[in-house]
Structure formats: structure tokens, C-alpha cells
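Biologist: Hi, I'm new to this one and would like a quick tour. Can we put it up on the screen?

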Amino acid sequence: MTEEFILAVLLAIAGLASAAVIGLSLAALLRRKSWSYLLVTLALATLLARTAVAVGTMWGMIPDSAHHTLEHGLDVAMASLVIAAVYTARTARREAKYE
């Protein structure tokens, strides 16, 4: 097996796993209907976006230099969304206590 084939299989698995996790997150979002769940869902969607960037690079649609920039940008987006979700959940809990 070539390295390219192994990478393709791993990316397929990553894409399917990411899609499954996003599906579960969407189900939770539909039940809870809160900003924090939306932000977590968006953060998890960056995992699928990272896989799409890798596939685009593998197929030659995204240059190597842009590949790294895009992936690091998605890392920043994920971290920011998780921090925002935690902040939003904490703020909502604090507001609910004082009502």
C-alpha cells in the first residue's frame, strides 16, 4: 500500500467520524436550543473542515502553503468557539441564578 492510499483511507475515516460527531452535536443542539450548544457544534464542524482542507491539498486543489495556513486558522477558530461556548454557558448559568 502506498502512503497516498493510506492517507486517503485515514481522511475518509476522519471525514465520516467528524460527520457523525457533528450529527450528534446537532441532535443535542436541537434538544437544548442554546448558544453554547451552537458554538460547540460549530467548533466540531472545524474538524470536518480540516479534513476537507487535507483532501483539497491531496487532490492538488489547495497549495501546500495555504494548507498549513488554513489548518492553523481552523485551529484558532475551534479554540475561539470552545472558549465562547464556555463563557456563554457560564454567563447563562450565572444569570439564571439571580433571576
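Biologist: Let's start with helix α2. What should the 24 residues of helix α2 span, and how far apart are the end C-alpha atoms?

Modeller: Keep in mind that this is a predicted model. Helix α2 covers residues 35–58, so at 1.5 Å a residue it should span 34 Å. The C-alpha atoms at its ends are 35 Å apart, which agrees with that.

Biologist: OK. And which residues in α2 are buried?

Modeller: Quite a list: S36, L39, T41, A43, T46, T51, V53, A54, G56 and T57.

Biologist: Pick T41. Why does T41 count as buried?

Modeller: T41 has a relative accessible area of 5%, and buried means under 20%, so T41 qualifies.

Biologist: What does the side chain of T41 reach?

Modeller: The backbone oxygen of Y37, at 2.8 Å.

Biologist: And which residues does T41 touch, leaving out those up to four places away in sequence?

Modeller: S25, L26 and L29. Two of the names there, S25 and L29, also turn up among the buried residues of α1.

Biologist: Let's go to α1, then. What should the 30 residues of α1 span?

Modeller: At 1.5 Å a residue, α1 should span 44 Å.

Biologist: Which residues of α1 are buried?

Modeller: L11, G15, S18, I22, S25 and L29. What covers the buried residues of α1 includes α2.

Biologist: Good to know. At what angle do α1 and α2 pack?

Modeller: About 160°, and their axes are 9 Å apart. Angles over 145 degrees count as roughly antiparallel, so α1 and α2 are roughly antiparallel to each other.

Biologist: Is the crossing of α1 and α2 left-handed or right-handed?

Modeller: Left-handed: that is how α1 passes α2.

Biologist: Let's zoom in on S18. Where is S18 found?

Modeller: S18 is found in helix α1. At 9% relative accessibility, S18 counts as buried.

Biologist: Which backbone oxygen lies 2.8 Å from a polar atom of the S18 side chain?

Modeller: The one of A14. As for contacts, leaving aside neighbours within four places in sequence, S18 is in contact with L47, L48 and T51.

Biologist: T51 again. Which residues is L11 in contact with, leaving aside the neighbours within four places in sequence?

Modeller: T51 is one of them, and the others are A54, V55 and M58. L11 is in helix α1 and has 13% relative accessibility, so L11 counts as buried.

Biologist: How far is L11 from T91?

Modeller: Their C-alpha atoms are separated by 37 Å, and along the chain L11 and T91 are 80 residues apart.

Biologist: Switching topic. What follows α1?

Modeller: K33, whose phi is positive, near 50°. The place of K33 is in the loop between α1 and α2.

Biologist: Is K33 buried or exposed?

Modeller: Exposed, with a relative accessible area of 70%.

Biologist: Last stop, helix α3. Where is A77, and how far is A77 from L47?

Modeller: A77 is found in helix α3, which covers residues 64–97. A77 and L47 are 10 Å apart, C-alpha to C-alpha, and 30 residues apart in sequence. With a relative accessible area of 28%, A77 is partly exposed.

Biologist: How about A84, how far is A84 from L39?

Modeller: Their C-alpha atoms are separated by 7.1 Å, while along the chain A84 and L39 are 45 residues apart. A84 is found in helix α3 too, and at 28% relative accessibility A84 counts as partly exposed.

Note on methods:
Residues are numbered from 1 along each chain as its sequence is written. Side-chain values use heavy atoms; hydrogens and water are left out. Helices (H or I, at least four residues) and strands (E, at least two) are DSSP runs, numbered from the N terminus. The expected span of a helix is 1.5 Å times one less than its number of residues. Buried means under 20% relative accessible area, exposed over 50%, partly exposed in between (1.4 Å probe, protein chains only). A polar contact is a pair of N or O atoms within 3.5 Å; within protein, one must be able to donate a hydrogen and the other to accept it, and residues adjacent in sequence count only if both atoms are side-chain atoms. Contact means heavy atoms within 4.5 Å. Axes are lines fitted to C-alpha atoms, for helices over the stretch in contact, and angles run from 0 to 180 degrees between N-to-C directions. Angles under 35 degrees count as roughly parallel, over 145 as roughly antiparallel, 65 to 115 as roughly perpendicular and the rest as oblique. A crossing is left-handed if the near helix is turned anticlockwise from the far one by less than a right angle, and right-handed if clockwise.
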